[in-house]
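Here are some notes to read alongside the coordinates. They are set out as numbered points, and each one keeps to a single part of the chain.

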Amino acid sequence: MDDNPIGWAGRLMEWLQFGTRLVLVNILFVAGALAGLVLFGLFPAAVAATTVLARLRAGAGGDHLVRDFITAYRAQFLHVNRVGSVFWLAGVVLFLNAHSVLGRPAGGSVPALEAVLLVLSAAAGAGNLAAAATAVAICSRYRDTVYRTWRLAFVLPLVAPLMSISLLASLVALTVVFSGLNVLVPLIGASVPLLLSGWLVGRRLGTLETAA
């Protein structure tokens, strides 16, 4: 008796269908980001994409993917932009700080001090990235106040270092892969990172829900 009735051909078709939906989510993400002029569209598009990707992981939501994305995008547009404002601000401050250190004249400062400042900026940037990814996953899962979302987004990566390391390592690995295979960027350049980050953070949030 065949324990796998759909066979390898059926499995292949399922993976191809899933890959096609990843491409569609990537297109929707880009369209959502551009619709909000990037500054106001990036976080809502990321939350909407993470929402539909979670349903795809669960094996549901594929038939109404576009509609579900648009619904999630519109429903949380203002709320998610308020949540994302602190991460935009932190990113700008960190960028200006790193630029000021790198832009100093060669003899104008102590090299050791510059190295320390750059390391601190890199660490703060990694922390801000992990917190932003956590905030996106939180907003795709719950609808809470902005302050409580910020608090959980900044605290969770600190109390769950394994999640944070896995998240950042995954993003670095994907960056390396995409830099070598540029053709993948317009296809799945956003959907795969959001899929992985949503899964990693979602697992931790699920553990907290169970413990509560």
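**Notes on the model**

1. Leaving out residues up to four places away in sequence, V80 touches F43, P44, V47 and C139. V80 itself is found in helix α4, and its relative accessibility of 2% places it among the buried residues, because the cut-off for that class is under 20%. One further distance concerns L42, which lies 38 residues from V80 along the chain, with 9.6 Å between the two C-alpha atoms.

2. It should be kept in mind throughout that this is a predicted model. The chain contains 9 helices and 0 strands, so that, by the assignment used here, its pattern along the sequence reads α-α-α-α-α-α-α-α-α. The C-alpha trace spans about 75 × 40 × 40 Å along its principal axes, and 37% of the 212 residues count as buried.

3. Just after α1, L37 takes a positive phi of about 55 degrees.

4. Which residues of α1 are buried? They are G7, G10, R21, L22, V25, N26, L28, F29, G32 and A33, and what covers them includes α2 (42-57), α3 (65-75), α8 (185-188) and α9 (191-211). T20, which also lies in α1, counts as exposed because its relative accessibility is 54%, where exposed means over 50%. The C-alpha atoms of T20 and L181, 161 residues apart along the chain, are separated by 18 Å.

5. F29 deserves a separate look within helix α1, since with a relative accessible area of 13% it is buried. Residues up to four places away in sequence aside, F29 touches L42, A45, A46, F69, A190 and L194. For L42, which is 13 residues from F29 in sequence, the C-alpha to C-alpha distance is 7.9 Å.

6. The largest nonpolar core has 41 residues, and those with the most contacts inside it are V25, L53, F69 and F87. At least two residues of this core come from each of α1, α2, α3, α4 (77-102), α5 (111-141), α6 (146-159), α7 (161-180) and α9, while α2 gives the most, with 9 residues. For V25, the contacts beyond its neighbours within four places in sequence are A49, V52, L53, L56, L65 and S191. There is also a second, separate core of 5 residues, which includes A130, A133, L171 and L200.

7. How do α1 and α3 cross, and at what angle? Their axes come within 11 Å and cross at roughly 30 degrees, which makes α1 roughly parallel to α3, given that angles under 35 degrees fall in that class. This crossing of α1 and α3 is right-handed. On the α1 side the contact is made by R21, L24, V25, L28, F29, G32 and A35, and on the α3 side by L65, V66, F69 and Y73.

8. A further helix pair to examine is α5 and α9, which pack at an angle of about 65 degrees with their axes 9 Å apart; the crossing of α5 and α9 is likewise right-handed. Here A133, T134, A137, I138 and R141 in α5 meet S197, V201, G202, L205, G206 and E209 in α9. A133 of this α5 set is also one of the residues in the second core.

Note on methods. Residues numbered from 1 in each chain as written. Predicted model: local features only at pLDDT ≥ 70, side-chain atom pairs only at ≥ 80, totals over all residues. Heavy atoms only, no water. Buried < 20%, exposed > 50% of the residue type's maximum accessible area, 1.4 Å probe, protein only. Helix = DSSP H or I, 4+ residues; strand = E, 2+ residues; numbered from the N terminus. Contact = heavy atoms within 4.5 Å. Core = buried A, V, L, I, M, F, W, Y, C linked by side-chain atoms within 4.5 Å. Axes fitted to C-alpha atoms, helices over the stretch in contact; angles between N-to-C directions. Parallel < 35°, antiparallel > 145°, perpendicular 65-115°, else oblique. Left-handed = near helix turned anticlockwise from the far one by under 90°.
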